[in-house]
Amino acid sequence: MSVVLNITWYVVLIGAIGGGLFLFAMLLLPLGGITEAVELADDPDWQRMYNLPLALKILMVPYFVALVVLLLKIIRKSRVLFQNFRDDVVFRPSNVDLIREIGKIMIVLSILTFHLDTLIVSLLLLLLCEVFKTGTSLQEEHDLTV
Amino acid sequence: MGIIFRLDRVMADRKVSLGDLAARVGITNSNLSILKTGKAKALRITTLEAICKELDCQPGDLLEYKREPEGNTIIPD
């Protein structure tokens with residue numbers, strides 16, 4: 001799983017850079033010919049976005065950068081988590097912290113994207129964090145029982 | 001303070017090393033070291049019994065209680 005997440009991280013990063021450059025070119029540069037070439041000219045949503053004031057178009061950049069950064073953080077922390085599970089490090093404070101951080105990042109992501117399902121998943125992760133906290137204390141007690 | 005484990009004292013009296021005692025009791029060196037350094041949170045009756053058997057002593061020779069304000073930890077000699 002950590003290998004899959006590793007690859008996903010790079011795919012998302014490269015995709016974000018490529019997609020970002022493409023969007024930058026499409027929205028900010030007058031490349032009407034290319035827009036027609038990729039069959040976006042007739043798309044109403046695309047037209048709406050293309051006709052936005054320049055200031056708003058520029059504001060979209062940090063928004064998408066924030067989304068990509070948050071997504072990459074989630075993937076990286078999940079990768080570390082699964083690597084720990086693979087190494088039989090399950091109920092440890094480091095994993096509790098990782099799950100909590102992933103949950104918090106997903107809350108921010110759900111607010112930015114207005115997705116209720118992301119919020120629900122993040123709440124479930126925070127719940128899982130509490131379960132892991134209890135598991136960690138039980139593990140510690142077990143490890144220190146002679 | 002809490003429970004103080006006097007294993008060092010009894011081991012020195014009987015001239016038994018940590019590794020030797022661990023092998024005879026059937027626990028690892030690290031576990032016995034956890035006990036000796038007071039980091040243990042719990043002690044099985046079977047382990048206490050085995051230690052008493054090997055060191056030919058009473059549980060009271062190994063364990064001492066000193067009043068503490070809160071908590072319940074085994075602390076070293």
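User: How far apart are the closest N and O atoms of A:R92 and A:D143?

Analyst: This is a predicted model, and the values here are computed from it. A salt bridge needs a side-chain nitrogen of Lys or Arg within 4 Å of a carboxyl oxygen of Asp or Glu. A:R92 and A:D143 form a salt bridge, and their closest N and O atoms are 3.7 Å apart.

User: How many residues apart in the chain are A:R92 and A:D143?

Analyst: A:R92 lies in the loop between α4 and α5 of chain A, while A:D143 lies in helix α6 of chain A. The pair therefore links distant parts of the chain, the separation being 51 residues.

User: Is A:R92 buried, partly exposed or exposed?

Analyst: Buried means under 20% relative accessible area and exposed means over 50%, with partly exposed in between. A:R92 has a relative accessibility of 30%, so A:R92 counts as partly exposed.

User: Which helices of chain A hold A:K77 and A:E101?

Analyst: A:K77 and A:E101 form a salt bridge, with 2.8 Å between their closest N and O atoms. The two residues are 24 apart, and the pair links distant parts of the chain. A:K77 is in helix α4 and A:E101 is in helix α5.

User: Is A:K77 buried or exposed?

Analyst: The cut-off for buried is under 20% relative accessible area. A:K77 has 15% relative accessibility, so A:K77 counts as buried.

User: What separates A:E130 and A:K133 along helix α6 of chain A?

Analyst: A:E130 forms a salt bridge with A:K133, the closest N and O atoms being 3.4 Å apart. A:E130 is partly exposed at 42% relative accessible area, and A:K133 is partly exposed at 38%. Because the two are three residues apart in helix α6 of chain A, the separation is about one helical turn.

User: How far apart are the end C-alpha atoms of helix α6 of chain A?

Analyst: Helix α6 covers residues 116–143, which is 28 residues. At 1.5 Å a residue, the helix should span 40 Å. The prediction agrees with this, because the end C-alpha atoms are apart by 40 Å.

User: Which residues does A:S110 contact, leaving aside its neighbours within four places in sequence?

Analyst: A:S110 is located in helix α5 of chain A. With 5% relative accessibility, A:S110 counts as buried, because the cut-off is under 20%. Leaving aside neighbours within four places in sequence, its contacts are A:H115, A:T118 and A:L119.

User: Where is A:D88, and what is its phi near?

Analyst: A:D88 sits in the loop between α4 and α5 of chain A. At 66% relative accessible area A:D88 is exposed, because this is over 50%. Its phi is positive, in a residue other than glycine, and is near 65°.

User: What is the pattern of chain B, read along the sequence?

Analyst: Chain A has six helices and zero strands. Chain B has five helices and three strands. Read along the sequence, chain B follows β-α-α-α-α-α-β-β.

User: Which residues of chain B are linked in a network of salt bridges?

Analyst: Side chains of opposite charge can pair when their charged atoms come close. The structure holds nine salt bridges over all chains. In chain B, the linked residues are B:D20, B:R24 and B:E54.

User: Which residues of chain B lose the most area to chain A?

Analyst: The contact takes 11 residues from chain B and six residues from chain A. Together, three residues account for 59% of what the chain B side buries: B:K41, B:A42 and B:R44.

User: How many residue pairs are in polar contact between chain B and chain A?

Analyst: The area buried between the two chains is about 760 Å², and carbon and sulfur atoms give 63% of this. Across the interface of chain B and chain A, zero salt bridges are found. For residue pairs in polar contact, both at pLDDT 80 or more, the count is five.

Key. Residues numbered from 1 in each chain as written. Chains lettered and ligands numbered in written order. Predicted model: local features only at pLDDT ≥ 70, side-chain atom pairs only at ≥ 80, totals over all residues. Heavy atoms only, no water. Helix = DSSP H or I, 4+ residues; strand = E, 2+ residues; numbered from the N terminus. Expected span 1.5 Å × (residues − 1). Contact = heavy atoms within 4.5 Å. Buried area = accessible area lost by both parts, 1.4 Å probe. Polar contact = N/O pair within 3.5 Å; in protein donor to acceptor, adjacent residues only side chain to side chain. Buried < 20%, exposed > 50% of the residue type's maximum accessible area, 1.4 Å probe, protein only.
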